[in-house]
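Subject: Structure handover and notes

Dear colleague,

Please find below the structure that I promised to pass on to you. My notes come after it, and I would be glad if you read them with the model open beside you.

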Amino acid sequence: MTSSVPFSRPVRSAESPGDAERAPRELMSLPGHYRDERRWRLVEIRLGGRWCPGMLTVWRRPPGSGVWVVHVTWGPESTGEWGWFLFDGDRIRPLPEPAGPAPAAAPYRGTWRDAVRVPAELAGPVGTDPGERCWRPAWLRAEGSWRSVLVTARRRPGPQLPWIAHVRWGEDKQAAWVIADGIALCPLPRPGPVTDAGTSAVAPGPSAPTGLGEPA
């Protein structure tokens with residue numbers, strides 16, 4: 001956490017009480033150099049009176065401004081489920097990584113392993129069947145740590161084969177097909193019913209880590 005990106009000071013009241021506030025057009029169109037920091041991180045954002053899981057992809061400091069603006073998507077961008085918001089840690093907050101030990105059963109046997117990648121030549125191209133497409137935020141175990149990813153497609157190559165998922169992650173938009181075992185690739189629960197402003201519909205708010213990988 002840094003003093004340049006406060007996590008406790010609200011920017012200003014949103015038009016809908018408790019909801020994240022969209023960045024005004026005047027702020028986003030200021031002339032000059034914008035400082036962008038691309039950081040993919042799973043978050044929950046308060047919209048329409050409920051918490052929605054989403055992906056924070058960009059931090060932006062408009063020229064001459066003392067506030068941070070963040071780009072968050074909570075659904076396919078083709079459906080317009082994205083926006084730039086004034087950052088407020090009470091209305092946009094990080095989701096905790098999966099906790100607890102690795103499963104005792106094979107193949108983990110008490111030790112975390114990275115998700116198993118499927119060679120592209122075996123998985124086939126993405127998007128050949130519209131019914132395979134999806135949009136689901138998830139945690140992916142890769143290179144010994146948890147990564148914030150988006151699942152963009154899923155398929156079963158054959159009746160006796162496991163389900164596989166196409167995932168995207170990172171500032172460089174890495175992508176891969178992986179085995180969808182629900183463990184090394186752990187999709188977020190779908191949003192629950194509308195809750196009060198202090199309760200998360202996805203994960204317990206008080207136990208959530210405070211760091212979002214914010215810019216220094």
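This is a predicted model: local features need pLDDT of at least 70, side-chain atom pairs count only at pLDDT 80 or more; totals for chains, interfaces and linings use all residues.

Residues are numbered from 1 along each chain as its sequence is written, and side-chain values use heavy atoms, with hydrogens and water left out.

Helices (H or I, at least four residues) and strands (E, at least two) are DSSP runs numbered from the N terminus, and two strands are said to pair if DSSP finds at least two bridges between them. On that basis, five strands make up an open sheet in the order S4-S3-S2-S1-S5, with antiparallel pairing. At its edges are strand S4 (82–86) and S5, each of which pairs on one side only. From one strand to the next the twist averages 40 degrees, where axes are lines fitted to C-alpha atoms (for helices over the stretch in contact) and angles run from 0 to 180 degrees between N-to-C directions. Strand S3 (residues 69–73) is joined to S4 by five bridges, the two running antiparallel, and Val72 stands opposite Gly83 of S4.

Strand S7 (133–142) pairs with strand S8 (145–155) and with strand S11 (residues 185–187), and in both cases the strands run antiparallel: eight bridges link S7 to S8, and three link S7 to S11. S7 is mostly covered, with nine of its ten residues buried; here buried means under 20% relative accessible area, exposed over 50%, and partly exposed in between (1.4 Å probe, protein chains only).

Val43, in strand S1 (residues 35–47), counts as buried because its relative accessibility is 0%. Although Val43 and Pro137 are 94 residues apart in sequence, their C-alpha atoms are 9.5 Å apart in space.

Asp19, in the segment before helix H1 (25–28), is buried yet has no salt bridge, and Arg46, the nearest side chain of opposite charge, is 4.3 Å away. A salt bridge here requires a side-chain nitrogen of Lys or Arg within 4 Å of a carboxyl oxygen of Asp or Glu; for charge, Lys and Arg count as positive and Asp and Glu as negative, while His and the chain ends are not counted. What the side chain of Asp19 does reach is the backbone nitrogen of Gly48, at 2.9 Å, and that of Gly49, at 3.1 Å.

Some backbone angles also deserve a look. Most residues other than glycine have a negative phi, and most peptide bonds are trans. Glu143, in the hairpin of S7 and S8 with its two residues between the strands, takes a positive phi near 55 degrees, and at 63% relative accessibility Glu143 counts as exposed. Arg109, likewise not a glycine, has a positive phi near 50 degrees and is exposed, with a relative accessible area of 61%. Arg109 lies in the loop between S5 and S6, and Pro107 is placed in the loop between strand S5 (92–94) and strand S6 (117–118). The peptide bond from Ala106 to Pro107 is cis, with omega near 5 degrees.

With best wishes

How values were computed:
A polar contact is a pair of N or O atoms within 3.5 Å; within protein, one must be able to donate a hydrogen and the other to accept it, and residues adjacent in sequence count only if both atoms are side-chain atoms.
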